[in-house]
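Please walk me through this structure, taking the helices and then the backbone exceptions.

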Amino acid sequence: RVAGTTFTRFMSTNLEADVVIIGGGPGGYVAAIKAGQLGLKAVCVEGRGALGGTCLNVGCIPSKALLHTSHQFHDAKTHFDSVGIEVGEVKLNLEKMMKQKSDAVSGLTKGIEGLFKKNKVDYVQGWGKFLDKNTIEATGADGAKTIIKTKNTIIATGSDPVELPFMKFNDDGAKTCVSSTGALDLPKVPKKMAIIGGGVIGLELGSVWGRLGAEVTVIEFMDRICPTMDKELITAFQRCLKKTLKFNFKLETKVKAADVRDDGVTLTLEKNGKEDVFDCDVALVSVGRRPKTENVGLEAAGVQLDDKKRVIIGQNFKTNVEGIFAIGDCVVGPMLAHKAEEEGVACVEYIAGKHPHINYNVIPGVIYTFPEVASVGKTEEECKEAGIEIKKGVFPFQANSRARAVGETDGLVKIITNKDTDRILGVHIMSSTAGEQIHEAALALEYGASAEDIARTCHAHPTLSEAIKEAAMMAYDKPIHF
């Protein structure tokens with residue numbers, strides 16, 4: 001231990017704790033900080049060498065950095081001239097763009113270490129596993145072991161990308177068959193890029209490389225991209241990706257085999273019983289993530305898993321073993337950083353004797369493309385399946401004055417309400433700032449608001465958020481500007 005700090009680094013030692021958190025990702029580090037704030041002796045065990053988990057190191061944050069800079073590059077090439085900005089030839093310096101991404105990640109990970117110090121959280125750098133239900137062993141990069149005796153343990157081990165059996169990732173090699181991690185660090189812009197899986201991660205990373213010049217083809221087994229999101233919204237979104245980035249889509253198509261080489265990938269595809277061959281320079285496999293529950297010693301502690309290798313939890317995140325809890329990607333539910341954070345806070349509050357609550361019906365989901373897509377609550381399809389009679393208001397940004405003034409008219413706001421009560425059931429937005437706008441809707445859902453409540457709330461003019469007000473007016477009465 002270093003005098004004057006709460007850090008433990010690569011030293012054989014023994015610690016005692018009120019709560020140990022295995023994993024330093026969004027769920028784990030937030031839980032550790034909250035535990036410190038509540039006066040608990042907290043130890044966070046993380047073997048990556050940097051806090052923040054997948055999200056901060058190789059997920060949410062670096063991808064958003066690249067999404068932002070690639071959008072600026074694309075905007076300069078395709079939009080500046082039309083608004084009277086003449087800059088000459090726009091050139092890409094990929095190395096500098098990657099450095100900006102890495103600098104952002106580095107600054108944020110160090111920031112978490114600072115928050116640990118502030119809240120008196122012990123940070124043990126090493127891979128943690130159970131020796132028994134009250135004993136955690138952390139093995140550092142140098143092999144040194146730290147033994148921690150604990151009253152409570154929170155499993156927050158996160159998830160890993162799913163790898164297809166015939167497409168092994170070469171993230172650390174030629175980078176022609178990559179996971180989302182490898183796609184964040186390509187050495188050059190591929191001429192042709194295949195995205196296997198039409199979900200959020202693939203579409204975001206496909207957008208990055210599409211803006212930088214790659215010809216992107218999305219291959220999806222289902223009949224539409226993002227199949228769990230509202231169909232009307234996603235249909236408009238897919239149309240927009242075709243128009244703005246020239247994305248190609250191969251839907252209802254199965255990848256049967258792949259020849260992965262150092263100079264590219266040849267995919268064997270099947271649709272309606274017919275096979276086809278598709279060549280690309282880089283294939284991003286983005287078919288989901290799996291819980292990271294191996295090599296954590298769960299057997300030694302007696303913790304039970306389900307058939308998908310997720311930790312089984314009951315009320316208040318309790319596993320079948322007293323004093324052991326689990327949160328985030330390694331348990332049931334959407335694999336979202338903000339969901340894990342909420343669970344981290346709630347879990348620690350319960351351990352501290354409080355009475356937390358999470359409303360799982362009000363967890364926003366965002367696709368950080370351009371335009372962005374954001375949803376909260378039920379989709380129209382879910383309402384119909386549940387037999388709920390609905391009304392809906394759909395307001396296009398073509399009719400929004402701010403959107404027209406800044407040339408960002410692609411998109412819409414869709415508000416779904418209960419036909420009888422006007423209570424808002426779901427809100428779905430596609431716009432340049434949908435990820436920010438969705439929180440007005442989340443707050444409305446959390447407090448059981450009606451469409452009329454939003455419609456009668458004054459919204460500043462001119463703003464993109466006026467489209468939410470107009471959609472609410474349409475859902476319960478009539479809009480003004482459409």
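A residue counts as buried when its relative accessible area is under 20%, as exposed when over 50%, and as partly exposed in between. The model is a predicted one.

By that cut-off, Ala434, Gly435, Gln437, Ile438, Ala441, Ala442, Ala444 and Leu445 are buried in helix H12. Their cover includes strands S19, S20 (372-377) and S23 (424-431), together with helices H13 (451-455) and H14 (466-476). H12 runs over residues 434-446, and its 13 residues should span 18 Å at 1.5 Å a residue; the end C-alpha atoms are 18 Å apart, so the two values agree. After H12 comes glycine 448, with a positive phi near 65°.

Helix H3, residues 60-78, can be treated in the same way. Its 19 residues should span 27 Å, and the end C-alpha atoms lie 26 Å apart, which agrees. Among the buried residues of H3 are Pro62, Leu66, Leu67, Phe73 and His74. Helices H2 (53-58), H4 (94-118), H6 (200-211) and H7 (231-245) are included in what covers the buried residues of H3.

Two of these helices, H6 and H7, also pack against each other. Their axes are 11 Å apart and form an angle of about 15°. Angles under 35 degrees count as roughly parallel, and H6 and H7 are therefore roughly parallel to each other. Their crossing is left-handed. On the H6 side, the contact is made by Leu203, Ser207, Gly210 and Arg211, which meet Phe237, Leu241 and Leu245 of H7. Four of the residues in this contact are nonpolar, two are polar and one is charged.

The backbone exceptions come next. Most residues other than glycine have a negative phi, and most peptide bonds are trans. Lysine 175 has a positive phi, near 55°, and sits in the loop between strands S8 (159-161) and S9 (177-178). With a relative accessible area of 16%, lysine 175 is buried. Asparagine 316 likewise has a positive phi, near 60°; it belongs to the loop between helix H8 (298-301) and strand S18 (324-326). Asparagine 316 is partly exposed, at a relative accessible area of 23%.

Two peptide bonds are described as cis. One joins phenylalanine 370 to proline 371, with omega about -5°, and proline 371 is in the loop between S19 and S20. The other runs from histidine 461 to proline 462, with omega near -5°; proline 462 is in the loop between H13 and H14.

Key. Residues are numbered from 1 along each chain as its sequence is written. This is a predicted model: local features need pLDDT of at least 70, side-chain atom pairs count only at pLDDT 80 or more; totals for chains, interfaces and linings use all residues. Side-chain values use heavy atoms; hydrogens and water are left out. Helices (H or I, at least four residues) and strands (E, at least two) are DSSP runs, numbered from the N terminus. The expected span of a helix is 1.5 Å times one less than its number of residues. Buried means under 20% relative accessible area, exposed over 50%, partly exposed in between (1.4 Å probe, protein chains only). Contact means heavy atoms within 4.5 Å. Axes are lines fitted to C-alpha atoms, for helices over the stretch in contact, and angles run from 0 to 180 degrees between N-to-C directions. Angles under 35 degrees count as roughly parallel, over 145 as roughly antiparallel, 65 to 115 as roughly perpendicular and the rest as oblique. A crossing is left-handed if the near helix is turned anticlockwise from the far one by less than a right angle, and right-handed if clockwise. Ala, Val, Leu, Ile, Met, Phe, Trp, Tyr, Cys and Pro count as nonpolar, Asp, Glu, Lys and Arg as charged, and the others, Gly among them, as polar.
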